Structure formats: C-alpha cells, structure tokens
Amino acid sequence: MNRSELDALLREGENSTVEFKRDDVHAESFAKEMSALLNLEGGLILLGVEDDGKISGLTKTRRKAEEWVMNLARQNLQPPVIPVWQTITLENGKIVGVVGLQRDSPGKPYKAKQGSAWVSFVRVGSTSRPASREEEARLYQAAHLIRYDIKPVPEMGFESLDLGLLVNYFRDILKRPVPDRGDTDGWRRLLLNTDILVETSGEPLASVAGLLLFGENPNRRLPQAGVTATAFSREAKDYDTVDEEIIRGPLVSLISKRGRVVEKGVI
C-alpha cells in the first residue's frame with residue numbers, strides 16, 4: 001500500500017473491510033476486529049488511526065508494534081493467523097501500521113479470546129458483533145466442517161423411511177445386495193454406512209438427505225421442501241396462471257427394473 005491508497009481509505013472511512021484503531025487498543029478489542037474481518041472476507045486494520053480517520057500514529061516502535069500484532073494474532077485468535085504487516089511513514093514523521101487479513105481464510109469461524117471465553121464475531125457494515133447461533137453455523141458450513149445434508153432430523157427414525165424406495169434404490173438402481181425386508185438391524189447398518197441414517201446419542205435418526213430422498217412423509221419435519229410449479233399463458237407472468245401444482249413428497253421416483261417410472265417423486 002502506498003500513501004495515496006492510504007489517503008483514499010481514510011477519506012472513505014470504516015466499512016465492511018476496513019477498521020481504524022489507535023495503537024493503544026486493548027488486545028481483546030483488536031482480536032474482536034480480526035475475528036470479524038476474517039469471518040467475512042478479510043480486510044485491513046489501520047493501526048494508529050482514530051475513528052474519525054485522523055492519524056495519531058504509532059506510539060510503539062515499528063518492531064514493537066509488529067511483534068504485538070503477530071503475538072496477538074497467534075495467541076488471541078483460534079485458529080491462529082499470520083497477518084500481513086506493513087508501515088507507512090507520513091511527511092510529519094507519524095507512522096501508520098497496516099494489518100492485512102486474508103480474504104478467503106480457510107479456518108472459519110475465527111474466534112477471539114474475550115476474557116476466559118472464545119467468541120466468533122461477524123462484520124456488519126463498519127461494526128463487529130458476536131455471531132448468532134445461525135451465523136456461526138453458516139460459518140462452519142462455509143468451511144465444510146458441517147454438512148447440512150447429514151444433520152439428523154428429530155423424531156424421524158428408520159420407520160420414517162419408505163422401505164420400498166430404499167429396496168428399489170439399492171437393489172434395482174445400484175445393483176447391490178440388500179437385507180431382507182424384516183432385517184431391521186441389517187437395514188440400519190446399511191443406512192448408517194451411507195449417511196441415510198445418522199446415529200445421535202445411540203439412536204439412529206434419518207438425516208436431512210435421507211428423509212428428503214426416501215421419507216414416507218418428509219414434509220412433516222421439513223415443510224419447506226418441495227417444488228411449486230406454475231404455468232402461465234405467455235412469457236409475461238402477470239396473474240394469468242394457467243395451472244399450478246404444489247409438488248411434495250420424497251425426491252426420488254420408484255423405478256421398475258426396466259427403468260420405467262412406477263411412482264413419481266418430486267424430481
């Protein structure tokens with residue numbers, strides 16, 4: 001970054017990817033800003049700059065300021081990061097520290113040490129706040145640490161699945177040997193191994209994907225799942241609907257051994 005780029009950032013002020021901080025900022029506050037920026041799309045922290053964009057400059061030496069930033073990024077963030085450090089010296093001798101945080105960091109969610117706790121923060125405009133449960137779940141999912149499709153669906157066990165569809169899929173489509181219809185333990189082992197069932201506290205429950213694909217009544221617990229198909233008389237939709245159908249049920253169709261659709265699924 002050069003001086004003209006710094007001036008442009010100061011004029012624009014703080015935003016979703018830029019934060020101003022005095023260099024006497026508390027470690028917890030600095031870690032919070034790093035966590036929030038990393039959990040969004042990275043960004044810059046300008047150290048030695050007031051909230052209004054006025055440059056107060058570093059009070060530490062360049063080396064001391066860099067050591068402080070690097071130690072904080074290692075000790076006060078989970079997982080630790082290595083920021084890019086740069087300094088810019090003004091004509092009046094004041095120095096601004098530029099802390100660069102990677103755009104597509106692979107370790108989301110990043111948590112900042114706050115007292116004895118570790119907290120995930122998110123960036124909302126120019127402010128940073130603790131992530132809600134839903135926001136933190138999305139961060140885990142974005143990092144591929146949680147797969148929504150294999151989450152268990154409460155109260156939906158083996159009996160919530162359509163055994164006929166399962167037999168059809170494994171035996172007729174995949175050409176695999178399947179347990180007898182009465183072999184519940186055998187079916188549970190097969191479905192657990194294929195993530196159609198997920199074991200939770202010792203109880204096998206249908207996964208989201210398992211219920212959507214093979215559930216007898218998937219909309220009992222996933223009411224939003226399905227397709228609403230609407231036909232119009234011309235390209236402009238307006239309100240002249242010709243036909244409309246709300247399509248619900250399991251996603252897959254029941255297919256004969258000859259490949260013909262015996263019973264339609266949503267797909």
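Okay, let's start with the salt bridges: searching the whole structure turns up 16 of them. Keep in mind that this is a predicted model. I'll walk through a few of these pairs, and then one hairpin.

Let's go to Arg3 first. Arg3 makes a salt bridge with Asp7, and the closest N and O atoms there are 2.9 Å apart. How many residues separate Asp7 and Arg3 in helix H1? The answer is 4, so the two sit about one helical turn from each other, in a helix that covers residues 3-12. As for accessibility, Asp7 comes out at 24% relative accessibility, which means partly exposed. Arg3 has a relative accessible area of 28%, so partly exposed goes for Arg3 too.

Now stay on Arg3, please, and look across to Glu91. Those two side chains also meet in a salt bridge, at 2.6 Å, N to O. Where does Glu91 lie? Glu91 is in the loop between strand E4 (84-89) and strand E5 (95-101), while Arg3 is in helix H1, so this pair ties together parts that are 88 residues apart in sequence. And is Glu91 buried or exposed? Exposed, because its relative accessibility is 71% and the cut-off for exposed is over 50%.

Next one: Lys21 and Glu33. Their side chains form a salt bridge at 3.6 Å, N to O. Lys21 is in strand E1, residues 18-21, and Glu33 is in helix H2, residues 27-40, so to speak a link between distant parts of the chain, 12 residues apart. Both Lys21 and Glu33 are buried. That pair also belongs to a network: salt bridges with shared partners join Glu19, Lys21, Lys32, Glu33 and Arg123.

Strand E7 spans residues 117-124 and strand E8 spans residues 127-130. They run antiparallel, with 4 bridges joining them. Which residue of E8 is the bridge partner of Phe121? That's Pro130. The hairpin of E7 and E8 has 2 residues between the strands, and in this hairpin Gly125 takes a positive phi, near 65°.

To recap the pairs: Arg3 has salt bridges with Asp7 and with Glu91, and Lys21 has one with Glu33. Okay, that's my part, over to you for questions.

How values were computed
Residues are numbered from 1 along each chain as its sequence is written. This is a predicted model: local features need pLDDT of at least 70, side-chain atom pairs count only at pLDDT 80 or more; totals for chains, interfaces and linings use all residues. Side-chain values use heavy atoms; hydrogens and water are left out. Two strands pair if DSSP finds at least two bridges between them. A salt bridge is a side-chain nitrogen of Lys or Arg within 4 Å of a carboxyl oxygen of Asp or Glu. Buried means under 20% relative accessible area, exposed over 50%, partly exposed in between (1.4 Å probe, protein chains only).
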